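Me: I would like to go through the terms used for this model and see what each one rests on.

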Amino acid sequence: MANKITYAKAINEAMVQAMEMDKSVICYGLGVDDPKGIFGTTLGLKEKFGPERVFDMPTAENAMTGVAIGASLNGIRPVMTHQRLDFFLLAMDQLVNNAAKWHYMFGGKLSIPITIRLLVGRGWGQGPTHSQSFQSWFAHIPGLKVVMPATAADAKGLLLSSIFDNNPVIFIEHRWLHNLVGEVPEGDFRIPIGKAHKLKTGDDITIISLSYMTIEALRAVELLGKQGISCDLIDLRSIAPIDWNMVMSSVKKTGKLLALDTGFGSFSVASEIIARVSMECFSSLKQAPVRIALPDCPTPTSPALAKNYYKRAEDIVNTTRKMLGFSVLPHEESDINRNVPMDIPDKTFTGPF
Amino acid sequence: MKENTQILIELLQKMKRIRAVEETIASRYSEWKMRCPTHLCSGQEAVAAAVGQVLRKDDFAVSSHRAHGHYLAKGGDLNRMIAEIYGKSDGCSSGKGGSMHLIDTSVGFMGSTAIVGGTIPVGVGLALSIKLKKTNQVSCVFFGDGSIEEGVFYESVNFAVLKNLPVLFICENNFYSVYSPLKVRQPENRAIYKMVSGIGCRSEHGDGNNVVDVYDKVNTAVVSIRDGGGPMFFEFKTYRWREHCGHNFDNDLGYRTQEEYLSWKEKDPISAMESYMFKEKYITQNEIDEMQSEIQKEIEKAFEFAEKSPFPNLESALTDIYA
């Protein structure tokens, strides 16, 4: 059985499922039991599982990460939530020096089964400190797993896999995905960490995507299809480990690579994809790979300054066309999002941001 | 406690054993077979021994870079600790941690790490797990005066107080963070334990070179923590004899005076305890000599064990990244 529910509800379902299955699962973070329940993702948990297992916390990101680590050493599976990824930067010490290292530096004696949910903001003037996508920072650290589900089903399936994984997992949710509706299987439904998802099959070009950029890519690929251009669209889902088999076999087939990212371009996941493909599949490439990511500057707040900052389906359409030797389309033909202002995900979106 | 001869003897034995281990490491360090940063705790044995004596085997403890004493006093395996410092496969962390990263889960020693203050929240998290599992264990966190300057300390104590967690915070104030004296790091009139009391944590201080005093205070506190009394913080003043990292003495550097060092050496916790026990006839000179000789034999065996243990395979550098 599957239900049509939002991405946010899918996360809520995964939390309920996990906490019902295993008493050692606990959930905390600033605002997990407040009236908004982290954009609806933690609503009802405290009522169902009690204040010992579901609780608000001091504004102490670093120590509370260490607390999760300590609790996990004695068999607890903490799920910690941050309303914006940017706040979690205060916890990089505990994440990098302790969570990521513990299993290795003590010779495999203990492991750290914690899940850190991080929300990435975008639009509505989120600006420099409320919108950063640092998946490449986390993926750079050996010992961490990093997942970025793009669909409601993947959100549920990957959250359940993250919670029951015996390693620290960084679970990154894009705020613009929370309202998207999709078919989500009921019950204990899991998506394996490390497996990408081929969303569209085509021969002309390989598009590698992640998180919210997958939604823009789906729109772009649909339009490109109408123009006779067929794309392999791979949603990575897991950033660490990455499903290199799927990436390489697609590039070997198409010979062309476009890598999308929600983060800053330099030193990004897209950069790593291009580097690895260039090193291991160079002879298959028919032309230089291209990436679409954010410019290397802090996110501006004013709508006037942010106008061209975020990349949308139109950029994917025209970059793909250029790579395949076609002309750039006129704006009115390529701008799939043209009826929606650039600072909200869709017309149904009413906040809160 | 003073009438319990058995405990007094065990305290003395624990301190002498830690001292002898540290001094053996110091004397053999220049063979360059122990190839990792090593922070010796000679001079600071009393706190480790007393706290280790109070804690049960199933209680938890975590510590920082200067952890040999805490690990041994909690019951950590000596052979495996020495092998770890040698980087051998029988080391307690399979050669991947070294002196700064010790673990022995069989006695509740859950890890020590090298970033100042890094294990304080981990100890608090262990205490949270104790509360969730409703056992009467205690989680002990060892750290130094430098940790008091880290934000994570305040975040952790706040949470422990907020949730009334069974944590024993043990601050060994040895006045130095590497070569930086306390006076360049904290206001001169501050008493650390009083400041912590301001956060709402029960807090006390004591002479970190007086093992009986430390034992009595911590013992009373741990009874109350087990009883649901919530976290307790101790500041014990003590002194590091050797250099911050390594096997030498470093008074020639000029960051501390020879006079200061000698005045603390006179407060040697082991000599003080020995004289006291000797005077009160809790122990004879023969028994002391025998104790020392047993310890020395055990340490010789531990070094032999470490020397004989093989190095890990090169391939194992790439294992244990994920569980």
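**Contacts between the chains**

Reply: Between chain B and chain A there are 14 residue pairs in polar contact, both residues being at pLDDT 80 or more. A polar contact is a pair of N or O atoms within 3.5 Å; within protein, one must be able to donate a hydrogen and the other to accept it, and residues adjacent in sequence count only if both atoms are side-chain atoms. Helix 5 of chain B gives the most to the side of chain B that touches chain A, with 10 residues. The residues of that side divide into 20 nonpolar, 16 polar and 6 charged, where Ala, Val, Leu, Ile, Met, Phe, Trp, Tyr, Cys and Pro count as nonpolar, Asp, Glu, Lys and Arg as charged, and the others, Gly among them, as polar. Helices (H or I, at least four residues) and strands (E, at least two) are DSSP runs, numbered from the N terminus.

This is a predicted model, in which local features need pLDDT of at least 70 and side-chain atom pairs count only at pLDDT 80 or more, while totals for chains, interfaces and linings use all residues. Residues are numbered from 1 along each chain as its sequence is written, chains are lettered from A and ligands numbered from 1 in the order in which they are written, and side-chain values use heavy atoms, with hydrogens and water left out.

Me: How many residues of each chain are in contact, and what area is buried between chain B and chain A?

Reply: With contact meaning heavy atoms within 4.5 Å, 42 residues of chain B meet 40 residues of chain A. The buried area is about 3200 Å², and carbon and sulfur atoms give 67% of it; this is the accessible area (1.4 Å probe) that two parts lose on being put together, summed over both. In chain B, the residues that lose the most area to chain A are B:Leu132, B:Tyr322 and B:Ala323, together 19% of what that side buries.

Me: What makes B:Lys134 and A:Glu52 a salt bridge?

Reply: The rule asks for a side-chain nitrogen of Lys or Arg within 4 Å of a carboxyl oxygen of Asp or Glu. The N to O distance for B:Lys134 and A:Glu52 is 3.1 Å, so the pair meets the rule. The count between chain B and chain A is 1 salt bridge, and over all chains it comes to 31.

Me: Why is B:Lys16 called buried?

Reply: Buried means under 20% relative accessible area, exposed over 50%, partly exposed in between (1.4 Å probe, protein chains only). B:Lys16 has 7%, so it is buried. Its salt bridge with B:Glu274 has the closest N and O atoms 2.4 Å apart. B:Lys16 is in helix 1 and B:Glu274 in helix 10 of chain B, 258 residues apart.

Me: Why is B:Asp320 called partly exposed?

Reply: B:Asp320 has 24% relative accessibility, and therefore counts as partly exposed. B:Lys96, at 16%, is buried. Their side chains meet in a salt bridge at 3.0 Å, N to O.
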